[in-house]
Amino acid sequence: MINSTQFSYFTLSAYFDTGGFKYLYFVVILSLYMLIIGSNLLLIVVICMNRSLHEPMYLFLCSLFVNELYGSTGLFPFLLLQILSDNHTVSAPLCFLQIFCLYTYGNVQFYNLAIMSYDRYLAICHPLHYNTRMAFNKAVRLIVVIWVPPFFGVLVTTCLSVSLQLCGNIINKVYCNNYSIIKLACLDTTVNNIFELIVASLTVFGSGSLIFYSYMRILKVCFSGCKQTRQKAVSTCTPHLASLLNFAFGVFFEILQSRFDMKNVHNIVRIFLSLYWLTCQPLFSPVMYGLNMSKIRSMCKSLLLSSVRKCRPCGRFVQLE
C-alpha cells in the first residue's frame, strides 16, 4: 500500500539560516520590490494619462507592465515573510495560489512579447497599412488573447496538481513550484505531465514561432531597405529583444535547475537562478523601455518635473511686523 495523504502545508527546504543577515536580505528584497512597483506604475500612469500614447504599441507595453506588477506581487510579499520567518512553511491553498499566479505571469509574458514582436513587424514592414492592420479594436482583442488563454490553461494545470495524492510535503525551493509538487505524487502523474507539456509547448513554441517569423521579416526589410528603415528597426526593436532574451534566459535557468540534479551547485546560486526570471525581469523591462523609447522618456520627465514643482514649497515668505 502507498502511504499517501492530502497535506495541509508544505515545507520550503531551500531556505537556510542567515543569522543577522536576514534583515539585510529583507531590506534588499523590499527595496527591489519598491523599485519594481514604482517603475512599472510610473510607466502605466504615463501611458494611460497621455492620449498621444494610446497606440497599439503602448497598449501592449502597458499590458506588459501590468503583468510584471502581477507576477511580482505573487512572489515578493511571500518572499519577504519567509525571510523573516524561522519556520519556512506555507499552507497548501496559498502554495497553489502562488503557483497559479507565477505560472500565469510566465505564460502571459511570453504571449505579450510575441504580440509585441508582431506589432513591430507590421510597423516596420507594412508602415502604410499599419493603422488598418493594427487598429485600436484589434489591439484590445489581442490583449484579451494575451491574458485569457494562459489563465484557463494554468487553472486546469493547478487543479490537476491539487487533486494529486502526495507522499511528502517538502519542496526544495524558496517558493511554490508545480513541478516540485508533481514529483511528490505517489501515483501516476502522466495526465499532469502531458497537460503541462501541452500548455508549455503552446506557449513557448506558439509565441516563439510568431517571434521568429516577425524578426526574420524585419531583418529582410532591414537588409534591403534604406538607412532610415534600419535606424527605426533598431530603435524600436532593441528594448523588445533585450527584454525577450533576458526573460527567455531566466526561464531557461529555472527549467534547468528544476529538471536536473543541481546538488553540486551552491545553494545561493540555485536560489539566484530560480528567482532570476521573477525578480530581474520586472525591473529590467521598464528600465529598457523607459530609457530607449523617446516618447515615454520625455513624458516621464515631464510628469516627474511637474510633480516636483507641485511639491516645492513657496519661495516667498510673509514678513511679520
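## Close-up views of helix packing and aromatic pairs

**View 1. Surroundings of Asn178.** Asn178 touches Ile99, Tyr103, Thr157, Ser161 and Glu196, not counting residues up to four places away in sequence (contact means heavy atoms within 4.5 Å). The model is predicted: local features need pLDDT of at least 70 and side-chain atom pairs count only at pLDDT 80 or more, while totals for chains, interfaces and linings use all residues. Residues are numbered from 1 along each chain as its sequence is written, and side-chain values use heavy atoms, with hydrogens and water left out. Asn178 is found in helix H6 (residues 178–183); helices (H or I, at least four residues) and strands (E, at least two) are DSSP runs, numbered from the N terminus. With a relative accessible area of 1%, Asn178 is buried (buried is under 20% relative accessible area, exposed over 50%, partly exposed in between; 1.4 Å probe, protein chains only).

**View 2. Packing of helix H5 against helix H7.** The axes of H5 (residues 136–162) and H7 (residues 190–224) come within 10 Å and cross at roughly 165°. Axes are lines fitted to C-alpha atoms, for helices over the stretch in contact, and angles run from 0 to 180 degrees between N-to-C directions. H5 and H7 are therefore roughly antiparallel to each other (angles under 35 degrees count as roughly parallel, over 145 as roughly antiparallel, 65 to 115 as roughly perpendicular and the rest as oblique). Their crossing is left-handed, a term used if the near helix is turned anticlockwise from the far one by less than a right angle, with right-handed used if clockwise. H5 contributes Gly153, Val156, Thr157, Leu160 and Ser161 to the contact, and H7 contributes Val191, Asn192, Phe195 and Val199. By class, 5 of these residues are nonpolar, 4 are polar and none is charged (Ala, Val, Leu, Ile, Met, Phe, Trp, Tyr, Cys and Pro count as nonpolar, Asp, Glu, Lys and Arg as charged, and the others, Gly among them, as polar).

View 3. H2 (residues 56–84) and H10 (residues 281–292) pack at an angle of about 155°, with their axes 9 Å apart. That makes H2 roughly antiparallel to H10. Leu61, Leu64, Phe65, Glu68 and Ser72 of H2 meet Gln281, Pro282, Ser285, Pro286 and Tyr289 of H10. This contact has 6 nonpolar, 3 polar and 1 charged residues. The axes of H8 (residues 227–259) and H10 come within 9 Å and cross at roughly 170°, and H8 and H10 are therefore roughly antiparallel to each other. Residues of H8 in the contact include Ser235, His240 and Phe247, and those of H10 include Phe284, Met288 and Asn292. The contact of H8 with H10 has 6 nonpolar, 8 polar and no charged residues.

**View 4. Aromatic pairs.** The whole structure has 16 aromatic pairs (rings of Phe, Tyr and Trp, its six-membered ring, pair if their centres lie within 6.5 Å; planes under 30 degrees apart count as stacked, over 60 as edge-to-face and the rest as tilted). The ring centres of Phe10 and Phe96 are 6.0 Å apart and the planes are at 85°, so the pair is edge-to-face. Phe10 lies in strand S1 (residues 9–12) and Phe96 in helix H3 (residues 92–125), 86 residues apart. Phe10 is buried at a relative accessible area of 0%, and Phe96 counts as buried at 12%. Tyr105 and Trp277 form a tilted pair, 5.9 Å centre to centre with 35° between the planes.
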